Amino acid sequence: MLKVLTDLGVAVKSHMSTLDPEDIVRLREHLNAGKKGDKSRVGPAAPEERGGPAGQPRSRGVKLSQYGPGLVDKVPQRPPDKRLIERPFRVPTILPPAFGEEVKAPAPAPKPPEIPVEARPAPPPAAPAPQPEQHRPTPPTRPVPDRRPQPAGPHARPPYAGRPQSGGPRPPQAGGGPPRPQAPAGRYPGPPRPAQGARPAVPGRPPQHRGRPGVAAAGAPHPGPGGARPPARGILSKAIPKPPAELEAVKPDKSVGQQRFADKKEKDRRTHWDKNVGNKENRLRLRPKEKQHGPRVVPPSERKPVVLTGSLTVKDLAERMGVKSAEIIKQLMFLGIMATINQEIDVETAVVVAEEMGFRVEIKERELDPEELLELEPEEDEPEKLQSRPPVVTVLGHVDHGKTSLLDAIRDAKVTATEAGGITQHIGAYQVKYQQKRITFLDTPGHEAFTAMRARGARITDVAILVVAADDGVKPQTVEAINHAKAAGVPIIVAINKIDKPDANPDRVKQQLTEHGLVAEEWGGDTICVPVSALQKTGLDELLEMILLVAEMNELKANPFRSARGTVIESQLDKGRGPVVTVLVENGTVEVGDFLVAGSAFCRVRAMIDHKGRRVKKAGPSAPVEVLGFSEVPQAGERFYEVPEEKVARQIALKRQERKRQQELKASGRISLEDVFSRIQEGTVKELPLIVKADVQGSAEAMVQSLQRLSTEEVKVQLIHQGVGAITESDVNLAALAGAIIIGFNVRPDVNARKAAERELVDIRLYQVIYEALDDVKAALSGLLEPTYREVILGRAQVRQIFKVSRVGTIAGCYVLEGKITRDAGVRVIHDGKVVHDGRLSSLKRFKDDVREVVQGYECGLTLERFNDIHEGDQLEFYTTEEIQREL
Ligand SMILES: Nc1nc2c(ncn2[C@@H]2O[C@H](COP(=O)(O)OP(=O)(O)OP(=O)(O)O)[C@@H](O)[C@H]2O)c(=O)[nH]1
């Protein structure tokens, strides 16, 4: 490089020497010329050698035919920029040697010979021949050249160049100095447009220049007959698109001019930063808008939709919408709904409110809780997984017609002997095997009290055996059983029992059955009637055959591979084993370790015992098993479900327990002494449950005995619990469960008990004289109680310190624990949970000042009227009595 430079006459000492831009241009030209031409040849390269249309494109694989021969390496990479456009344009005296170098002064050093314009290859066929129009004094006829494929000919339209102007080509600007030649507006002047004729430029603006005239000479299409002005500066600069990818690929190194331009840009950027952003004041000004003006108000169109899944409280809706509850309440008021913050509003109202307030609303299906999902689990099974299962048979019939005896005979075991009084008291379940096929029997109780349970029994069975004693015939319970079986859609097989008896009359039974829609087969009907004798064990095989036949006809199937579900058929609490629950698996398989839910009870199956007393690990469809491991005793007839994990089982059970408790509370209804009489009259109260708490055992007993003597014919006083000491929360909970009233004698409820009583609406009656309590209860029972006054607790204070002052008495330094205490309120002194004094205050002071009241969290000093036996730690309860309106 040093040698070349020296040859070119540039004075350089070392590789660190700096070069003038002109020298660089000369050097480049020299080197390029050397590359392109044959070393042996001096002079310009032949057009075909330079990649003209006649030759093949060479240089770096660029499509020279598109961009013009010999120009590719010199395509400038300047970004479109106003400043560049604004630079004064110098009229070149000769055609510049190459695109992008017209601004350079001719180098004094020897230059490669210029390529004459005529010698240059022709532009792409779409473009007309280049014309040296830049020399013409009449500028406004130059269209913006477009090097990309575009509609050829005179209709090629330049980019938008300003407002349309009527008339032909504009005359040169008046007083605008020497006429300037027109230059192409840019190399990439926007997408081709349908030919509309050239548009004139904005009036009053001089024609703008951008780019190099050489390019225009080489590639500009000839303007249409209408001519066109170059586009206005600002618009043009915006309209210039980025260069095509091909050009990017041959991006040459930055020229000196480009480097300067880049440097200037960088300098400008820094100056801008220093001036604006770097300045603290400006930094503040440039902070995000939210910081300057608070949170941005999101316009309704940008707000996320409010998702509603069901009814919700006003507060919840406000939270979801991100507005204040008051706004929702206001909107509701406009809609004529007066609502409080915690009031629940339905989805429809919520939608109206949200939409009125400019929110979009999305209503989504509520997510189901595990319990609901459990119930939604499909009962249907895939047919290929179904397997035949044993039929479940229920034995129904009138009392003493021999149901148990028949089952006993069938499974050849004595059950009657173990039953109390010889009457079946529960549903028992057994499985028998006949002809290698299993049959499950449920023994339903024949007693009237179990009608409901029997009805359940009928529903879970596949076949009903109706036992009718041949000597007794159809009885009311027989008819009832028929109706239950029919309602459940269960096929009935009639077992005419006790045919061994001399007075047995099977035909009479059949006759009676026809009256209830059961016509025996031999009489032309479809009811199978089998004469049996449970005592003599005759006819049993025929009966079992008939059961299997009916089961076969009904194609009983189940899927043993799915999660188990079934019914609790019997449950009891065993002292040693805890809850023992007999279940009938209907579908799926129960295995030891599975998690079950039945009603409000849940279970991890600890062990299973079959009807023969054997421990089993699995129980498939139609199998009755005793299950150990339940948390509590579920009700007979309750459905059970297997759940995947204990957590889910527990969750469902707890939820059901809570629901059950709420229902119980609702159903039992809290009773107060005031409404005892009306309830007695309504007949809803036949017993008055009481809980008695007293200060000493003796008083409690005396009170209980006296109260129990108050029982009348209509209502009986029932003592739920009695005890000594303060009324506690557990007393209140017990009262809530039993619907009892609490009678307190010389005792008080503690804080928790009082809160619980308010919550659970438990009536607590406090007395200091036994006969007052008795009078009240007596009056309540006879409807004479007139509750016109009610005690209201104002506040509580604790005695923290005692000061004994002669002639004044005992001063109690107190701290108000809750509520407020007032000078004229009644006060009770409670020592160890027992009321030791009930009276009034004689003074109430804060420091040395007499005050009317002291509120929670403050200390005070007080003395009591005619009572000085007060101790540190005593509780003082302040109360007042208020008149209450009796409700009719
Ligand atoms: N002669 C005779 N007596 C029978 C027959 N089957 C049952 N008994 C008697 O009828 C009485 C009642 O029999 P159970 O099997 O207890 O009748 P049940 O229908 O189960 O009665 P509940 O359990 O009260 O509903 C018993 O004394 C049996 O001995 C029979 O086929 N022939």
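Guide: The turns below set some labels against their definitions.

Guide: This is a predicted model, in which local features need pLDDT of at least 70 and side-chain atom pairs count only at pLDDT 80 or more, while totals for chains, interfaces and linings use all residues. Residues are numbered from 1 along each chain as its sequence is written.

Visitor: What makes residues 540-553 a helix, and how does the span of H19 agree with that?

Guide: Helices are DSSP runs of H or I with at least four residues, and strands are runs of E with at least two, numbered from the N terminus. H19 has 14 residues. The expected span is 1.5 Å times one less than the number of residues, so H19 should span 20 Å, and its end C-alpha atoms are 20 Å apart, which agrees.

Visitor: Which residues of H19 are called buried, and why?

Guide: They are Leu543, Ile547, Val550 and Ala551. A residue is buried if 20 or more other C-beta atoms, placed from the backbone, lie within 10 Å of its own, and exposed if 12 or fewer do, with partly exposed in between; therefore each of these four residues meets the buried cut-off. The four cover an arc (taken from the directions from the helix axis to the C-beta atoms) of only 100°, which puts them on the same side of H19. Glu552 and Met553, on the other side, are exposed.

Visitor: How do you know that E13 and E14 pair?

Guide: Two strands pair if DSSP finds at least two bridges between them. E13 (residues 565-574) and E14 (residues 578-587) have nine, in the antiparallel sense, so they pair. Leu573 has Pro579 in E14 as its bridge partner, and a hairpin of three residues joins E13 to E14.
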